[in-house]
Amino acid sequence: GKVFYKPQWVSVMKKGRLFKYKRKEFSSPRLYKEWIFVGSDAGLFYCLKKKGGRKLWRFQTKGAINSTPAFWGGEEERDDLVFIGDEKGFLYALSVEKGALKWKKDLGSEILAAPAAGRDRVFVATLEGRVVALNPADGQILWEKDFPPAGPLFQMTIHGNSSPVFDEEGRKLFIGFADGILRVLSPSDGRLVWEKNLSEVKGGFNDIDGAPLVEGDRLFGSTF
């Protein structure tokens, strides 16, 4: 027979009437320990209890939040941080426990993809092809690389970009770009290890907007 699933709880992120022509929500929720985190088009970032869905705190960003957050564990649980980017180009580091702002950094271009947090740095790819590594504790920029789209100046692209992804050892950083090129960078200094053009389409959409998948010694990527 058919199996029907009923929600255990529902937490409303927006109040009032919703209109069909309004922009859709693009931020996906993410679980961290016993909390759920999700952003909204209104620029509000929420922390909810996994059990019951009660809102614990919220934080107002400067722009809409379209990406999934990333997390970094401190020496103690109270030092854990959550990172979120907005469409105004700001990256925020918030206390997981109370939502207090630890630091924010203006990266100059929309952040539509989830950051990636390693042991001693957090990585962000912006819409314009800029990749930045920052110190998770204070937001200091450790290195930055620019990869403007190759090809014609007015080449058509999809509004979006890939999230950075680590290999299993954390020694390589994989990122897809709007021109269809998948690049592998060194997390320590941003050095280009290798790159591969995954698209053979000329004059059309070549974007790699989905995050690459690393499985053992295999790497999977897809273009538009």
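Reader: Okay, which strands does β13 bridge to, and how many bridges are there?

Author: β13 joins strand β14 (residues 173–176) through 2 bridges, and the two run antiparallel. Strands here are DSSP runs of E with at least two residues, helices are runs of H or I with at least four, and both are numbered from the N terminus. Two strands pair if DSSP finds at least two bridges between them. Before we go on, this is a predicted model, where local features need pLDDT of at least 70 and side-chain atom pairs count only at pLDDT 80 or more, while totals for chains, interfaces and linings use all residues. Residues are numbered from 1 along each chain as its sequence is written, and side-chain values use heavy atoms, with hydrogens and water left out.

Reader: Fine. What is the bridge partner of Val 165 in β14?

Author: Phe 174 is the bridge partner of Val 165 there.

Reader: And what's the strand order in that open sheet?

Author: The order is β13-β14-β15-β16, 4 strands with antiparallel pairing. β13 (165–166) and β16 (192–197) are the edge strands, each pairing on one side only.

Reader: Switching to charges: how many salt bridges does the structure hold?

Author: There are 4, counting a side-chain nitrogen of Lys or Arg within 4 Å of a carboxyl oxygen of Asp or Glu. One of them joins Arg 183 and Glu 195, at 3.0 Å from N to O. Arg 183 is in strand β15 (residues 181–185) and Glu 195 in strand β16, so this pair ties together parts 12 residues apart in sequence.

Reader: Is Arg 183 buried or exposed?

Author: Buried, with a relative accessible area of 7%. Glu 195 counts as partly exposed at 42%. The cut-offs: buried is under 20% relative accessible area, exposed is over 50%, and partly exposed is in between, using a 1.4 Å probe and protein chains only.

Reader: What does the charged end of Arg 183 sit over?

Author: The ring of Phe 177, 4.8 Å from its centre. The rule asks for CZ of Arg or NZ of Lys within 6 Å of the ring centre and within 35 degrees of the ring normal. Lys 104 also lies over a ring face, that of Phe 90, at 5.4 Å from the ring centre.

Reader: Which side chain meets Lys 33 in a salt bridge?

Author: That of Asp 80, at 2.7 Å from N to O. The two are in distant parts of the chain, 47 residues apart: Lys 33 in the loop between β1 (30–32) and β2 (35–39), Asp 80 in the loop between β5 (70–72) and β6 (81–85). Lys 33 is partly exposed at 41% relative accessibility, while Asp 80 is buried at 2%.

Reader: On to the rings. How many aromatic pairs?

Author: The count is 11. Rings of Phe, Tyr and Trp (its six-membered ring) pair if their centres lie within 6.5 Å; planes under 30 degrees apart are stacked, over 60 edge-to-face, and the rest tilted. Phe 90 and Tyr 92 make a tilted pair, because their planes are at 35°, with centres 6.2 Å apart. Phe 123 and Phe 166 are edge-to-face, at 5.4 Å and 75°. Phe 123 lies in strand β10 (residues 122–125) and Phe 166 in β13, so that pair ties together parts 43 residues apart in sequence.

Reader: Which rings are linked into a cluster?

Author: Tyr 32, Phe 37, Phe 45, Trp 57 and Phe 71 are linked by ring pairs.
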